[in-house]
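My notebook is open and the viewer is loaded.

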Amino acid sequence: MTEFPAQPLSPLDGRYRPAVTALGEYLSEAGLNRARVQVEVEWLVYLTEHSMFGSSPLTPAEIEQLRALYLDFGQADIDWLAEKEAVTRHDVKAVEYLVRHRLSELGLDRIAELTHIACTSEDINNLSYALTVSQAVRAIWLPKLRLVLDSLRTKAVDFRAVPMLARTHGQPATPTTMGRELAVTVYRLERIALQIEANEYLGKFSGATGTFAAHVVADPDADWPAISREFVEGLGLDWNPLTTQIESHDWQAELYGKISHANRVLHNLATDMWTYISIGYFRQIPVAGATGSSTMPHKVNPIRFENAEANLELSSAILDSLAATLVTSRLQRDLTDSSAQRNIGVGFGHSLLALDNILGGLGQIDLAEDVLAADLDHNWEVLAEAIQTVIRAEVTAGRSSIEDPYALLKELTRGKRLGQAELVEFVSRLDIGDAAKQRLLELTPATYLGLSDDLVDYLP
Ligand SMILES: O=C(O)C[C@H](Nc1ncnc2c1ncn2[C@@H]1O[C@H](COP(=O)(O)O)[C@@H](O)[C@H]1O)C(=O)O
């Protein structure tokens, strides 16, 4: 028997790879290591620029060569690190050795001992995660969400005046428009997107237990909190002054909570789209060459929305777990965050895949206006609400003496199917003012839409 070739366990690295490749640049182990090299290098640049510990500034050419260590980070560095970590059994120490090795190659041995000086591994790790996660959110996840929002917004506007029977509790209810319903989802997701855009990315840089102890002993005269702050903010992050060894990860819990919330709103969209397709409101555009069912040749299945549903659940499960576990660490640190954070990319990956499928699904449907119209025409009893409300207004205005209008309409309609003829006859016999009666006689389920169309103008 031939040996079975080694395979990726995660479907994100297998069949779904093309949809999530872009995330790998930031949220893979190599992406993390590149960021670690960046932080180590930028610390060297900072220290020498400020002539710390008796060093002197590097030339612009030397700085450029140093920065190339992370700007040109590639396969050779990935392999070098893997070999070194197999010996050190400490991932950040391996990065430090890589930087020292390159310094030597560049003829910069004179600053070798400044590499990682006064740092604990978490000083490097927390800044690296803040950098890579913020880049993944801003460059990959949010733009994909924006594509979904653009597609939804276009449909919300296109279908803003297309009447649709509502279904509260799954039962026929006061009509709306398809566009307005989609606008509700856009409004919700826009709010969450703004909150995600505003998320803080905190960084600490204060040594083994967050006290600047080694720093102060090595250079008692330096203003270490100010240096730490300038360094962290110089990386584009928000400074956290008060931590244990580890950054407290509250910003991560906040961010993952928001992404998870967005996932759930998207899940609601996916299941609603599935239901609309199921009742014929949307027709699926068959993909040329594709098969719906292996045995029922007629079928086109809503697999894009079903895939999204599953992946949104997985994403939220992972992100919720990260949000819960990352905010606790025994005493001044335990290492559970290290192992947990390696799954950040998995959490984002399932969400990105879902967004991709929702986008694809939205691009493969046509609104079946005839089906929506027929459904409305089969449900004239939804006008009962309109009639009883108008009678109450007429009684209040002194133009009617009908007693208990709600009970009257309940008697007429509850649990019954009524057609246009019965309702017209009922309204014609009502003791109400002429103008109100005329309004009711002109009303149909397809025109009983309130301000549905206008409300779409509230789209952000
Ligand atoms: O600056 C330090 O290293 C201080 C040290 N704390 C540590 N801080 C950060 N990383 C550490 C720490 N300890 C271990 N390691 C290394 O973390 C890696 C954990 O691997 P995994 O479980 O796969 O996530 C794996 O590579 C570990 O070697 C302490 O003693 O407080």
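Predicted model: local features only at pLDDT ≥ 70, side-chain atom pairs only at ≥ 80, totals over all residues.

**Domain 1 against domain 2**

I took the centres of domain 1 and domain 2 over C-alpha atoms and got 31 Å between them. In the contact (heavy atoms within 4.5 Å), domain 1 puts in 21 residues and domain 2 puts in 27 residues. For the bounds, I used an automatic or database domain assignment, which has domain 1 at 22–117, domain 2 at 122–369 and domain 3 at 380–444.

Residues are numbered from 1 along each chain as its sequence is written, and side-chain values use heavy atoms, with hydrogens and water left out.

**Buried area**

I looked up the area buried between domain 1 and domain 2 (accessible area, 1.4 Å probe, that two parts lose on being put together, summed over both). It is about 2200 Å², with 77% from carbon and sulfur atoms. On the domain 1 side, Leu23, Tyr26 and Leu27 lose the most area to domain 2, together 29% of what that side buries.

I found two salt bridges between domain 1 and domain 2, counting a side-chain nitrogen of Lys or Arg within 4 Å of a carboxyl oxygen of Asp or Glu. Which elements supply the domain 1 side? Those giving two or more residues are α1 (17–27), α2 (29–49) and α5 (91–105), where helices are DSSP runs of H or I, at least four residues, numbered from the N terminus. The largest share, 11 residues, comes from α2.

**Ligand surroundings**

Next I listed residues with a heavy atom within 4 Å of the ligand; among them are Glu85, Arg89, His90, Asp91, Thr120, Gln245 and Arg342. I then checked distances from polar side-chain atoms to a ligand oxygen: histidine 90 gives 2.9 Å, threonine 120 gives 2.7 Å and glutamine 245 gives 2.8 Å.

**Salt bridges overall**

How many salt bridges does the rule give? I get 30. One I noted joins the side chains of glutamate 62 and arginine 110 at 3.4 Å, N to O. Glutamate 62 sits in helix α3 (residues 60–71) and arginine 110 in the loop between α5 and α6 (121–158), so I logged the pair as linking distant parts of the chain, 48 residues apart.

Methods: Polar contact = N/O pair within 3.5 Å; in protein donor to acceptor, adjacent residues only side chain to side chain.
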